Amino acid sequence: MIDVVIIGQGLAGSTLAWTLHRKGQSVMLIDRGEEQTASRIAAGLITPVIGRRMTSPPQYSACFQYAIDFYRRVEFETRTRLLDQKPSVRLFTQDEQWPKDHGEKQGVEYEPVRDSKGGQIGVEMQKAARLRTAEYLNATRIFFEGLNQYREEELDLDKDMVVDERSGMMLLKGQGCRTVVLCQGYEARQSKWFTGLPNAPVKGEILRLKIPGYSETRVVHKTVWILQDTTESSETTYLAGATYDRQNLDNKPTDSGAQEILDAVRSITHQDATVTGHFAAVRAGMKRRRPVVGASTLDNRVFIINGLGSRGALMAPVAANALSELLAGR
């Protein structure tokens, strides 16, 4: 019998699988195998400051180091390059001003970025990184396939997940397990097992670009983010995004979304960009902008990790560890 069945092999499900595997738990990952999901197109940025309010999550430095150590270990076990660790830059818009005591309050190091006249136009964030999320998900799938702990399958949880009253096991199409964890992202809001969550899903669009004359290797943030993403052919391209659309929750790229990103990219690079790829997906978020980790009120053998939002690469290891502690009774 499997200890834990994990539904969804996105960022949350993959990270939970590694966490439980390292603690000696047997897991089974079940995923639909979709090519374009929020986790797969995510930039995987780990930065102390995001958003117009330039806020940092509580205990960022500790969460940052925990995430870095976690992904480095996956790199070692899969022999795959997954993490780029380097400073990133936050440029101010006209109405933004950096709080003088921000670094001291958050316990994070920043260096000023200045223009030719010596005026501060932004900050370089020292504790920053990028997780290559698609590569991370692929490496995770290959690893657990090798252990016969991965299945590609479509499930209707309201029909396919039942309790065997004699044994007390959860059954998913005949697969017995002690615990089920839903890591379905946006799709989880349609399940009867978790109703009433403060869901706040957001559609985001991302562009792949060629930008002649631009050579910045750090991630740069200003309204949007832009990062260098060299392809397998060694051609230098960039990814830029993302838009925020809370109304049209679908995976359809839009002309308006592309134009919004292109306008912002030009304000950063002062160059014209050529679009070579356009992606869209809906990412799960919560109104309080914190991940949700816990058990269903219908059955304490059913758990959830959801709402990682735009800080998914940072918060996934912490959230997965929190759930593993819950499963262990701590």
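Which residue in strand 8 is the bridge partner of Leu83? The first legend below gives the reply.

The views show a predicted model, in which local features need pLDDT of at least 70, side-chain atom pairs count only at pLDDT 80 or more, and totals for chains, interfaces and linings use all residues. Residues are numbered from 1 along each chain as its sequence is written, and side-chain values use heavy atoms, with hydrogens and water left out.

**Figure 1. An open sheet of three strands, in the order 3-8-4.** The pairing in this sheet is antiparallel. Helices (H or I, at least four residues) and strands (E, at least two) are DSSP runs, numbered from the N terminus; two strands pair if DSSP finds at least two bridges between them. Strand 3 (45–46) and strand 4 (83–85) are the edge strands, each pairing on one side only. Strand 4 is joined to strand 8 (residues 129–131) by three bridges. Within strand 8, Leu131 is the bridge partner of Leu83.

**Figure 2. Strand 12 (residues 175–182) and its pairing strands.** Seven of the eight residues of strand 12 are buried, where buried means under 20% relative accessible area, exposed over 50%, and partly exposed in between (1.4 Å probe, protein chains only). Strand 1 (residues 2–7) pairs with strand 12 in the parallel sense over five bridges, and Val5 stands opposite Val180. Strand 19 (residues 302–306) also pairs with strand 12 in the parallel sense, over three bridges; here Val181 stands opposite Phe303. Strand 11 (residues 170–172), in contrast, runs antiparallel to strand 12 and is joined to it by three bridges. Leu171 has Gly176 of strand 12 as its bridge partner. Two residues lie between the strands of this hairpin, in which Lys173 takes a positive phi near 50 degrees. Strands of a sheet pair through backbone hydrogen bonds, either parallel or antiparallel.

**Figure 3. Helix 1 (residues 11–22), the element with the highest mean pLDDT (97).** The pLDDT is the predictor's confidence in each residue, from 0 to 100. The average for the protein chain is 87, and 92% of the residues score at least 70; helix 4 (residues 102–106) has the lowest mean among the elements, 55. Helix 1 is largely enclosed by the rest of the structure, because 10 of its 12 residues are buried. Among them are Leu11, Leu16 and Trp18. Gly24, with a positive phi near 85 degrees, follows helix 1.

**Figure 4. Helix 7 (residues 255–269) and its buried side.** The expected span of a helix is 1.5 Å times one less than its number of residues. For the 15 residues of helix 7 this gives 21 Å, which agrees with the 21 Å between its end C-alpha atoms. Gly257, Ala258, Ile261, Ala264, Val265, Ile268 and Thr269 are buried. They lie on the same side of helix 7, because they cover an arc of only 135 degrees around the axis, the arc being that of the directions from the helix axis to the C-beta atoms. The face turned away from this buried side carries the exposed residues Asp255 and Ser256. The cover over the buried residues includes strand 13 (202–210) and strand 17 (274–283). Just after helix 7, His270 takes a positive phi of about 60 degrees.

Figure 5. Contact means heavy atoms within 4.5 Å. Leu262 and Ala273 are 11 residues apart in sequence, and their C-alpha atoms are 7.2 Å apart in space.
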